[in-house]
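Hi there,

Here is the structure I promised to pass on. Have a look at it first, and my notes follow below.

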Amino acid sequence: MSTIRRQSILSSGIIYLGFALGFLNTYLFTRQGGFTPSEYGLYGTFIGVANIINAFANLGMQAYIYKFYPYYQDNLKVRDNDMMGWAFVTSLLGFIMVLSAGYIFKDLVVRKFSANSPDFVKYYAWVFPLGFGLTMYSILEAYAWQLKKSVLTSFLREMLFKLITSVLAIFFFLHWIRNFDLFIKLFALIYILLAIILLIILIRANEIHLTLRISRVTKKFYKKIFVLSSFIWSGSLIQNIAIVFDTIVISAVLPNGLAWAGIFALAQNIASLIQAPQRGIVAASIAHLSRAWKDKQYAKIQRIYQRSSINQLIFACGIFVLIWVNFTDGVKNFHLQHAYVEAQQVFLFLGLWRIVDMGTGVNSQIIGTSTFWRFEFFTGLILLAITIPLNYVLAKKLGVVGPAIATLTSYIVYNAIRYLFLLRKFNMQPFNFKTALTIGLALTGYFLTYLLFRHIHGFFAMTVRSLFFILFYFGGALFFKLSPDVIPVWNTLKKKLAIPYLRSRK
């Protein structure tokens with residue numbers, strides 16, 4: 001577990017630095033005099049559609065890498081490993097099919113979006129380079145995770161991507177990029193650049209070899225590879241559509257849809273701060289889960305499941321409360337456009353969704369790397385069956401907050417089903433009494449913070465509120481030893497931060 005903990009902490013640290021850049025980007029996009037809500041909404045819609053393109057185009061190659069990499073590693077030399085060659089060719093064919101479908105159904109897109117989101121129609125062609133780059137990068141990222149390079153991939157996706165976006169935004173505001181037209185076109189090429197960088201790094205380290213010469217592992221497992229990739233691809237596709245459908249339905253359904261999509265995107269980006277530990281833990285856990293299933297190390301899987309749950313829950317609850325108690329003051333004090341105050345209620349439900357999803361641990365990765373990966377497909381169907389109609393209906397009735405409520409509701413059901421499956425099938429479950437203690441500590445900290453500081457406002461109030469809650473909540477996490485990883489991490493921090501005088505006295 002120390003390897004997972006170390007990689008998770010490093011990845012999470014990089015991800016949070018990336019979120020700092022993301023916050024800078026969000027500020028640049030949403031501040032008074034920044035991008036209009038419609039332009040920011042187009043930026044968010046582009047990311048959502050690119051994720052759908054990736055979900056269609058990858059054809060299950062990420063799942064193929066997650067599940068079968070140990071077999072290729074144990075039985076082949078690097079130069080004979082044809083896994084990535086076939087993964088690239090398959091995903092390229094998948095993207096060509098998506099591109100063809102995009103051309104065939106272009107008139108339908110124009111009809112659905114031209115009234116409420118005309119700028120999306122204008123830049124429709126440029127979403128495909130963004131989707132292609134994301135697809136290629138995601139395939140390489142999955143392979144790098146198996147090589148235990150989650151820190152590198154976190155740096156590229158979370159920091160470099162946002163750093164380049166920041167540079168483009170700053171150039172835009174300095175008028176070195178003369179208009180939004182050029183900004184969005186350059187933005188659409190970033191993932192292609194990241195994929196090239198990651199590929200070069202892996203080639204130079206002699207850790208990847210692209211060949212289409214069929215290996216004995218591929219010959220032995222090709223039927224299982226096809227079945228697994230098909231099911232996992234279908235399930236992943238369904239899940240990705242469910243995740244981004246809210247932004248798309250807002251753009252298509254609500255009057256002035258891109259402006260409302262911009263408000264929704266702000267809430268999403270702020271809620272994604274809660275998600276940072278999840279990305280690091282997932283990246284660090286995949287290779288260990290794949291190996292544990294292969295070697296039938298069920299106790300190890302249970303430990304990863306339980307620790308991933310409590311570690312993520314501690315962070316998720318803490319960060320959610322910190323953001324919630326400071327949300328309105330943040331919008332005002334950072335001089336964001338007044339329209340973005342509407343994002344607070346959206347954040348409430350999206351933040352709770354993140355807590356639910358993270359609190360149930362790496363259940364998706366456990367199921368996806370097991371022999372019961374077909375279950376992911378069927379739960380994905382249930383998720384989609386709830387998400388699409390609920391998003392549409394609630395968007396019509398409640399406006400921009402409706403899809404946020406729909407997302408929270410859908411994922412409560414989705415995670416409950418996966419929780420029950422792992423409990424009944426393997427007698428694995430992520431919760432214990434410290435789960436309830438964590439939630440209770442966060443709620444107590446919130447109410448105390450609210451009661452003590454509700455009458456003061458401004459930067460000083462934000463600072464005082466945050467410091468009080470951090471001391472109460474994270475101090476409580478240390479005191480109650482909520483996670484087995486809390487004390488080792490705290491001891492490491494004390495060693496790193498200890499001043500020479502204190503070390504000498506010891």
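**Nonpolar patch and salt bridges**

Helix α8 gives the nonpolar patch its largest share, four residues. Before I go on, please keep in mind that this is a predicted model, in which local features need pLDDT of at least 70 and side-chain atom pairs count only at pLDDT 80 or more, while totals for chains, interfaces and linings use all residues. Residues are numbered from 1 along each chain as its sequence is written, and side-chain values use heavy atoms, with hydrogens and water left out.

The patch covers about 610 Å² of surface and is made by L24, L163, V167, I170, F171, L174 and W176. To count for a patch, a residue needs over 30% relative accessible area and no salt bridge; nonpolar side chains (Val, Leu, Ile, Met, Phe, Trp, Tyr) are joined within 5 Å, and like charges within 9 Å. Areas come from the Shrake-Rupley method with a 1.4 Å probe, and for residues only the protein chains shown count as cover. Helices (H or I, at least four residues) and strands (E, at least two) are DSSP runs, numbered from the N terminus. L174 is partly exposed at 45% relative accessible area, where buried means under 20%, exposed over 50%, and partly exposed in between (1.4 Å probe, protein chains only).

Now to the charged side chains. How many salt bridges are there? The count is eight, taking a salt bridge as a side-chain nitrogen of Lys or Arg within 4 Å of a carboxyl oxygen of Asp or Glu.

Three of them may interest you:

- D74 and R291 pair at 2.9 Å, N to O. The two are 217 residues apart, with D74 in helix α3 (residues 61–75) and R291 in helix α12 (residues 257–294), so distant parts of the chain are linked. D74 is partly exposed at 40%, and R291 is partly exposed at 23%. Salt bridges also link D74, R291 and K294 in a network.
- E141 and R157 form a salt bridge at 2.9 Å, N to O. E141 belongs to helix α7 (residues 127–146) and R157 to helix α8 (residues 150–173), so this pair ties together parts 16 residues apart in sequence. Both residues are buried.
- E158 and K162 have their closest N and O atoms 3.3 Å apart. They are four residues apart in helix α8, so about one helical turn separates them. E158 is buried at 3% relative accessible area, and K162 is buried at 13%.

Best wishes
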